[in-house]
Amino acid sequence: MSLPTITLLSFGFPQQDFLEEIAKAVQSELGFSVNLREGRIDLGEYYDPSRNQYNGNTLLKLVDSLHVTESFKTLGIFNVDLFIPILTFIFGQAFLNGNCGIASFYRLNNERYGMPRNDLLLMERAKKEVIHELGHTLGLLHCSNPICVMRSSTYLEDVDQKKIHLCHNCRGKLVE
């Protein structure tokens with residue numbers, strides 16, 4: 001029997017080796033096989049010029065409409081500044097127990113904050129965000145354990161403080 005498959009659908013993120021590393025981390029942490037696909041859309045209709053950002057709610061709905069039917073879950077990967085109306089920005093979001101989620105790497109790189117480029121740190125942050133959003137699609141809520149990957153991340157420092165792994169309690173909820 002083959003493992004259920006998660007599809008990572010990349011929209012404008014051309015670094016294949018980067019995406020392959022994320023796919024390996026997802027497979028290792030969540031135990032599902034992972035496919036990489038490239039999505040092509042005009043992001044212009046999701047752009048809000050008054051905020052100079054892209055609407056995460058409408059992008060999430062788009063990815064849901066593009067859900068790869070042979071996949072268990074689909075996660076859209078972007079490199080644009082995302083928002084939802086009640087927050088200044090988001091790193092990603094997902095439908096709880098749903099088919100899909102989205103993650104953006106835009107606010108995960110050091111250069112955005114005036115710090116030196118650090119590709120290894122960007123990779124770790126991206127892995128955490130992708131696993132976190134996929135955790136929501138698997139039914140996991142935010143966790144109070146400060147090092148669990150399911151801990152809420154309001155700021156970049158929050159992403160850095162947590163680990164790439166699910167805590168014992170969250171892993172147990174996946175098994176149930």
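Predicted model: local features only at pLDDT ≥ 70, side-chain atom pairs only at ≥ 80, totals over all residues.
**Entry 1**

Is Phe89 buried or exposed? Phe89 has a relative accessibility of 18%. The cut-off for buried is under 20%, so Phe89 counts as buried. I then checked Phe91, which has 3% relative accessibility and therefore counts as buried.

Next I turned to the rings. I noted 5 aromatic pairs in the structure. One of them joins Phe89 and Phe91. A pair of aromatic rings is described by the distance of the centres and the angle of the planes. For Phe89 and Phe91, I wrote down 5.4 Å centre to centre and 75° between the planes. I logged this pair as edge-to-face.

**Entry 1: charges over rings**

Which residue lies over the face of Tyr106? I found Arg112 there, at 3.6 Å from the ring centre. I also looked at Phe72. Lys73 lies over the face of that ring, and I noted 4.8 Å from the ring centre.

I followed strand 7 to its partner. Strand 6, residues 82-84, pairs with strand 7 over 2 bridges. The sense of this pairing is antiparallel. Across from Leu82 I found Ile90, in strand 7.

**Entry 2: Glu133**

I located Glu133 in helix 3, which covers residues 119-137. Glu133 is buried, yet I found no salt bridge for it. How far away is the nearest side chain of opposite charge? That side chain is Lys162, at 7.4 Å.

I listed what Glu133 touches, leaving out residues up to four places away in sequence. The list holds Leu75, Gly92, Gln93, Ala94 and Ile102.

**Entry 3: Leu141**

Where is Leu141? I found Leu141 in the loop between helix 3 and helix 4 (156-161). Its relative accessible area is 55%, so I noted Leu141 as exposed.

Leu141 still has contacts beyond its neighbours within four places in sequence. I wrote down Leu96, His136 and Met150. Last, I checked Leu141 against Ser152. They are 11 residues apart in sequence. In space, I noted 9.0 Å from C-alpha to C-alpha.

Conventions:
Residues numbered from 1 in each chain as written. Heavy atoms only, no water. Helix = DSSP H or I, 4+ residues; strand = E, 2+ residues; numbered from the N terminus. Buried < 20%, exposed > 50% of the residue type's maximum accessible area, 1.4 Å probe, protein only. Lys, Arg positive; Asp, Glu negative; His and termini not counted. Salt bridge = Lys/Arg side-chain N within 4 Å of Asp/Glu carboxyl O. Contact = heavy atoms within 4.5 Å. Phe/Tyr/Trp six-rings, centres within 6.5 Å; stacked < 30°, edge-to-face > 60°. Lys NZ or Arg CZ within 6 Å of the ring centre and 35° of its normal. Pairing = 2+ DSSP bridges.
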